[in-house]
Amino acid sequence: MSDTRFARLLAVALVALTLFNFPMIEVIERWSELSGVALVPVYFFGAWAGVIALAAWLLERESGGEP
Amino acid sequence: MPKRVLVVDDEPNIVLSLEFLMRRAGFEVQVARTGGEALKALEGEPPDLVLLDVMMPEVDGYEVCERLRAKPEWRKTKIVMLTARGREAERERGLALGADAYITKPFSTRELVEQVKRMLEVA
Amino acid sequence: MSQLATLAILISLAYLAFLFALASWGDRRAEQGRSVIANPYIYTLSLAVYCTAWTYFGSVGVAAGQGVGFLPVYLGPTLLALLFLGPVRKILLIAKAYGITSIADFASARYGKSGAVAGLVTIVALVGSIPYISLQLKAVATGIELLLAHDGADAQGALGADSALLVALVLAAFSILFGTRHIDATEHHQGMVLAIAFESIVKLLCFLAVGVFVTWVLFAGPSDLLARAEAAGIVDRLHFSATRLGYADWFLLTLLSAFAVLLLPRQFQVVVIENLEIGHLRRASWMFPCYLLIINLFVLPIALAGLILGGTVAEADSFVLRLPLVHGQGWLAIVAFLGGLSAATAMVIVETVAVSTMISNDLVMPLLLRIRSLGLAQRPDLTGLILGVRRAGILLAIAGGYLFFHSVGEAMGLVSIGYIAFAGVAQFAPLLLLGIAWKGANRNGAVVGLLAGFSVWLYTLVLPSFVTAGVLPESLLREGPFGVALLRPTALFGLEGLHPVAHCTLWSLSANTGLLVLVSLLTRASDLERLQAILFVDVEQSRRTPRLWRGEAKVGALEELLVRFLGRPAAEAIWRAETARRGRPLDPDEPADAGLVERAERQLARAIGAASARAVVASAVRGESIGPDALLEILDETQKVIEYSRRLEQKSQELEAATAELRHANERLRELDRLKDDFLATVSHELRTPLTSIRSFSEILLDNPDLGAEERAHFLRIITSESERLTRLINDVLDLSKIESGRMDWQIGPADLAELVREGIRAAQGLVAEKGVELEVAIPDEPAPVTCDRDRIVQVVLNLLSNACKFVPRPGGRVRVELQRKGPMFEIRVEDNGPGVPPAARELVFEKFHQLTGDLNTQKPTGTGLGLTISKQIVERFGGRIWVEDARLGGAALCFTLPVAESPSAVRAAA
């Protein structure tokens with residue numbers, strides 16, 4: 001099952017790549033400027049934590065499975 | 001009534017010597033120079049003994065012997081085969097075909113005459 | 001010397017001593033087989049050696065000036081960690097399967113065990129790690145200087161030396177003590193891993209302690225911090241624009257960091273080489289990003305706090321230490337320093353172990369072993385030498401770091417220095433990642449790509465750093481070398497606006513990847529390279545095939561070997577024999593005794609060659625899996641066996657052909673033997689026939705003295721003529737045997753054929769007269785020159801004439817002799833008016849003892865039956881031909897030819 005698991009993680013990595021790059025950063029930057037609140041660091045750490053949580057959930061869901 | 005001997009050989013000089021020897025021994029002699037002639041000579045009254053050379057052109061001595069033995073009325077005729085080929089296989093072949101004796105050339109004339117006499121139960 | 005600095009240094013030394021003890025304990029546990037690190041948590045913590053002084057001090061430095069600009073260095077590794085179960089797992093599989101000891105070893109093994117690749121990777125790794133090590137030296141030295149300055153002391157005066165030099169010396173000593181305790185690079189450094197995992201905890205806790213102190217002691221929590229930042233007018237640092245990075249820069253730096261977390265020599269060491277179980281990757285895949293996230297949580301707060309509390313951006317690299325110091329927290333400052341020290345030492349230890357292993361294994365030892373005059377290959381124990389080389393390697397790397405720090409590093413920020421190293425080792429990415437995915441990547445491509453990437457890196461990133469340091473003139477960056485603007489190192493080909501590191505990454509990786517692919521496509525890989533490519537790319541498949549087992553040699557393992565190399569039936573036959581020998585069945589789980597191992601090896605040697613058999617059996621006995629070397633040897637020997645069997649097959653075909661030839665020759669010989677037998681039987685017959693007449697008539701004459709004179713004379717004449725016949729026969733047989741065996745004494749000379757024919761006719765005169773034959777002769781007057789043996793040709797003519805006379809009718813026999821020139825030949829015809837020779841017999845008349853049956857009513861032919869055979873031999877000896885055809889006279893025509901002699905003078909001389 002390690003192939004499917006890797007496929008899922010690859011998807012997570014792609015999501016992370018999207019979240020951590022243009023245009024998402026641009027979008028957040030704009031909101032930040034509009035709202036006057038420094039959203040960028042919060043966004044980065046939030047997205048980062050979200051990605052890790054998603055990966056952890058996927059990896060630990062079938063704990064005890066094959067490595 | 002003298003016994004009759006048929007001499008068959010394709011060598012004129014050997015025929016001559018055999019004819020001489022058989023006459024001297026008191027037999028009536030008939031001569032054939034080929035196998036075919038020999039068979040023809042047998043047609044009439046069969047001789048008591050045939051001195052038969054093996055190596056002859058066309059019909060050879062074995063064939064004559066075989067034909068001779070094939071006919072019951074010729075059964076009593078004795079056959080002495082003469083050959084210049086002294087191999088054991090040929091000797092056996094001749095005897096197997098019904099020859100009564102097998103003599104290798106050159107032969108001792110005395111022995112030959114004695115052999116013939118013995119076979120014809122003279123003396 | 002001041003109190004705080006002394007305390008800090010003492011505590012640091014104690015800390016290092018504790019680390020050493022911890023590592024020793026870890027090693028002892030490993031030796032006892034009770035590993036303390038065999039779990040994913042330690043593995044994850046060991047990966048955190050990624051977070052060095054750069055992270056500990058440098059991130060805050062970046063954040064103070066560029067806000068979230070420090071993040072790509074951690075986002076990249078997060079992305080890569082998510083791929084741990086993909087390409088990284090594959091790299092681990094390969095490394096474990098083939099006993100890889102370093103990234104240079106990996107690259108070299110992939111590209112046909114190329115020494116060039118190994119050496120090149122080692123050099124790039126060494127050069128790349130130098131700025132990185134200098135970064136650690138700088139960070140620790142700065143920390144010490146800060147502590148000393150806090151105590152009001154001058155570093156130079158207090159230490160009596162340059163603090164960076166002292167740090168370098170201590171780290172070098174520690175690394176040598178730590179990293180070169182044993183030499184077997186394939187063994188895991190469990191103690192070291194335990195120590196750096198511990199350090200990862202220390203640096204994390206220390207950093208968090210500072211962060212908590214800053215956020216909740218100096219400030220009243222994050223919102224307070226934020227509010228005061230706003231008040232201080234530095235909240236713009238929290239916008240993305242503060243990073244002064246474009247999205248392309250951002251992306252490229254992320255990519256670069258993703259590569260770095262795997263490709264930095266120390267990272268490859270902990271991720272790949274020190275990994276105990278591939279299964280640990282799974283948990284590390286999310287826990288390592290977690291660690292990165294946590295250690296970065298307080299970077300921005302500390303940076304903002306530092307700035308709010310009056311620090312400058314230039315000082316920001318040391319905010320972590322400065323803030324506790326400035327606020328009188330001596331102990332916390334020591335904790336902060338200790339955290340930084342642990343981050344730095346962990347990096348330096350692992351990096352130098354990794355690099356020095358490469359230097360010894362992949363660069364120096366291969367070169368030394370190649371120098372035959374040193375005779376190293378014969379030395380039984382090279383341990384001391386290898387250790388020496390490794391220690392020298394460690395010193396070299398740290399000395400390089402120190403020198404770099406002095407010439408360049410003092411002028412640069414920590415992160416800038418770190419990025420240089422990142423971009424350097426990123427050059428391994430194309431050859432490594434393409435190498436495990438694409439079999440087509442070959443050595444030439446890897447070398448050319450790496451050299452190109454390395455050169456671009458030196459030019460676009462290292463060179464500019466020397467400009468920043470003032471070593472090189474600034475005009476180089478502004479105007480380009482020799483004023484060529486297109487070649488400006490930080491704006492190559494006019495590509496401006498990128499961050500220098502991103503710029504370097506883009507150009508170097510493009511050149512590297514592009515050339516790797518291009519050159520690989522254009523050049524041929526050696527067989528070894530192709531084999532290695534398959535072993536690497538298809539590692540999953542090859543892993544599924546049964547491996548040779550760990551531990552002592554079990555009977556079952558040997559059996560498996562035999563089955564694998566000999567096939568099941570052969571293996572089972574051997575096993576039955578073994579069972580019979582022992583009188584009891586073999587248990588697969590029992591250890592094999594030496595005899596069994598030896599016999600198994602012997603059996604294997606028959607199939608795969610001795611060297612290979614030794615290699616595979618030894619691997620089973622020692623419990624190692626078969627390494628690529630052994631595999632190749634096996635492949636090579638198998639190749640030899642195949643070649644040998646091919647040759648054998650060829651030989652057997654040749655043998656078959658030879659046998660057929662021999663059989664044929666034998667048949668021919670037997671046939672000849674039979675012919676000889678027949679010939680002898682015939683000769684015997686022909687000899688006995690005249691002998692019979694001679695003996696008979698002699699005996700008749702002896703026994704009959706009464707014969708008449710005429711009869712006696714007749715008989716005596718017969719005896720005489722038969723004796724003559726016998727003599728002729730003997731002569732002919734002797735002649736023939738001489739001619740046939742090549743022992744004939746030919747008297748060759750020029751002759752006049754016409755003369756010879758006339759001579760032959762004269763010799764036959766008696767016979768002709770005797771038979772009353774009418775003889776016609778048609779011979780031209782002019783000489784007919786030939787080269788021959790006169791007597792023999794006369795004999796031929798005589799033979800033909802007597803032959804003709806034999807068959808002509810009596811009376812009325814006619815014979816005609818003719819000599820003619822026909823082109824280059826003279827032709828002699830002897831015709832008669834006899835019965836002729838039927839066409840079917842025309843070839844046979846020349847065979848031995850083939851008697852031409854004449855007219856039997858007249859007389860048996862008197863010839864020996866060898867005359868024509870001998871004539872044929874003679875004519876052919878002199879280049880002529882003899883044959884029979886129809887005669888104009890009605891009977892047979894016996895004809896022969898002889899070649900005309902070239903020079904008529906020869907004839908005159910003969911005449």
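Here is a short chat about a few spots in this predicted model.

Me: Hi! Where does C:Asp249 sit?
Reply: Hello! C:Asp249 is part of helix 12 of chain C, which covers residues 247-263.

Me: Is C:Asp249 buried or exposed, and what is the nearest side chain of opposite charge?
Reply: C:Asp249 is buried, and it has no salt bridge. The nearest side chain of opposite charge belongs to C:Arg244, 9.8 Å away.

Me: Which backbone nitrogens lie by a polar atom of the C:Asp249 side chain?
Reply: The backbone nitrogen of C:Gly246 is 3.0 Å from a polar atom of that side chain. The backbone nitrogen of C:His499 is 2.8 Å from a polar atom of the C:Asp249 side chain.

Me: And what does C:Asp249 touch, beyond four places in sequence?
Reply: C:Asp249 touches C:Gly497, C:Leu498, C:His499 and C:Ala502, once residues up to four places away are set aside.

Me: Let's look at C:His503 next. Which helix is C:His503 in, and is it buried or exposed?
Reply: C:His503 belongs to helix 23 of chain C, residues 500-522. C:His503 counts as buried because its relative accessible area is 0%, and buried means under 20%.

Me: What is C:His503 in contact with?
Reply: Leaving out neighbours within four places in sequence, its contacts include C:Thr460, C:Pro489, C:Leu495 and C:Leu498.

Me: New topic: the open sheet in chain C. What is the order of its strands?
Reply: The sheet has 5 strands in the order 2-4-5-7-6, with mixed pairing. Strand 2 (774-778) and strand 6 (882-886) of chain C each have a single partner strand, so one side of each has no neighbour in the sheet. From one strand to the next, the twist averages 20°.

Me: How many bridges join strand 6 to strand 7 in chain C?
Reply: There are 5 bridges between strand 6 and strand 7 (residues 892-899) of chain C, and these strands run antiparallel. Within that pair, C:Ile882 stands opposite C:Phe896 of strand 7.

Me: Which helices pack on the sheet?
Reply: Helix 32 (residues 753-771) of chain C packs on it, touching strands 2, 4, 5 and 7, and its direction makes about 175° with that of strand 4. Helix 34 (residues 867-877) of chain C also packs on the sheet, touching strand 6 and strand 7, with its direction about 25° from that of strand 7.

Me: Last one, chain B. How far apart are B:Lys78 and B:Asp48?
Reply: They are 30 residues apart in sequence and 6.1 Å apart in space, C-alpha to C-alpha. B:Lys78 lies in strand 4 of chain B, residues 78-83, and is partly exposed at 30% relative accessibility.

Methods. Residues are numbered from 1 along each chain as its sequence is written. Chains are lettered from A and ligands numbered from 1 in the order in which they are written. This is a predicted model: local features need pLDDT of at least 70, side-chain atom pairs count only at pLDDT 80 or more; totals for chains, interfaces and linings use all residues. Side-chain values use heavy atoms; hydrogens and water are left out. Helices (H or I, at least four residues) and strands (E, at least two) are DSSP runs, numbered from the N terminus. Buried means under 20% relative accessible area, exposed over 50%, partly exposed in between (1.4 Å probe, protein chains only). Lys and Arg count as positive and Asp and Glu as negative; His and the chain ends are not counted. A salt bridge is a side-chain nitrogen of Lys or Arg within 4 Å of a carboxyl oxygen of Asp or Glu. A polar contact is a pair of N or O atoms within 3.5 Å; within protein, one must be able to donate a hydrogen and the other to accept it, and residues adjacent in sequence count only if both atoms are side-chain atoms. Contact means heavy atoms within 4.5 Å. Two strands pair if DSSP finds at least two bridges between them. Axes are lines fitted to C-alpha atoms, for helices over the stretch in contact, and angles run from 0 to 180 degrees between N-to-C directions.
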